[in-house]
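Student: Hi! Could you walk me through this structure?
Tutor: Happy to, here it is.

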Amino acid sequence: MKKVFVLVVLVISVVGLGYRAATVSWYDNGLEDYRYRLECLTGEKATETVYTVIIADSTGEFCRLSGLPYWVLAGVRDDTIFMQPLSLNYDPIRTIAHELSHIVFRRYGFSYWVEEGLVCIVTCEWMGANMKEMADIETVDPSKLDFYSYQKYSFTAWKRVSLLLQEHSFEELVKLFPGSDGGRF
């Protein structure tokens, strides 16, 4: 029911009123479970910051607004979340939680693969999945990947960071992986 509320607000913003923008925060209905996982992982309370979500009317518009490839479902630029049309998104609540998590973890300055792995842990995206891992993920520039390679990249990041968290706390990861960048989407 709570997820339905956030979805209804997004649909009304895009379709009913003709808006292409909405706002979202970690405290919106439907995001509670994701917020809880984020707070447990980081040991910090999620901020009440409100972010703008731009929901494109078409894939072409999404690419123009976000600067991202057509196959990307959503992305963040300057704390604004850009999303493909809702008709292309089977779980917009999880997508929003994914992008909000990127905003949080970017502030720690992690390498992108560590950030992506942490984000996927918060959103439980790869639970139960099994695919071949990508070699040398630390040196891969994710902005140069195609859809299928990026899926492998994201899965590998999730898997490796999950293993790291079995041996280290989040605070230790912050110290182990300070700033860098192996590419940023």
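What follows is a short chat about the sheet, the helices and the core.

Student: What should I know before looking?
Tutor: This is a predicted model, where local features need pLDDT of at least 70, side-chain atom pairs count only at pLDDT 80 or more, and totals for chains, interfaces and linings use all residues. Residues are numbered from 1 along each chain as its sequence is written, and side-chain values use heavy atoms, leaving out hydrogens and water.

Student: What order do the strands of the sheet have?
Tutor: The order is β1-β2-β4-β3, in an open sheet of 4 strands with mixed pairing. Strands here are DSSP E runs of at least two residues, helices are H or I runs of at least four, and both are numbered from the N terminus. Two strands pair if DSSP finds at least two bridges between them.

Student: Which are the edge strands?
Tutor: β1 (21-24) and β3 (74-77), each pairing on one side only.

Student: And in what sense do β2 and β4 pair?
Tutor: Strand β2 (residues 51-55) and strand β4 (residues 80-83) are parallel, over 4 bridges. F82 in β4 is the bridge partner of I54.

Student: New topic: which residues touch the most other members of the largest nonpolar core?
Tutor: L100, F105, W113, L118 and Y153, out of 53 residues. Such a core is a set of buried Ala, Val, Leu, Ile, Met, Phe, Trp, Tyr and Cys residues joined through side-chain atoms within 4.5 Å. Buried means under 20% relative accessible area, exposed over 50%, partly exposed in between (1.4 Å probe, protein chains only).

Student: Where does the largest share come from?
Tutor: From α5, with 8 residues.
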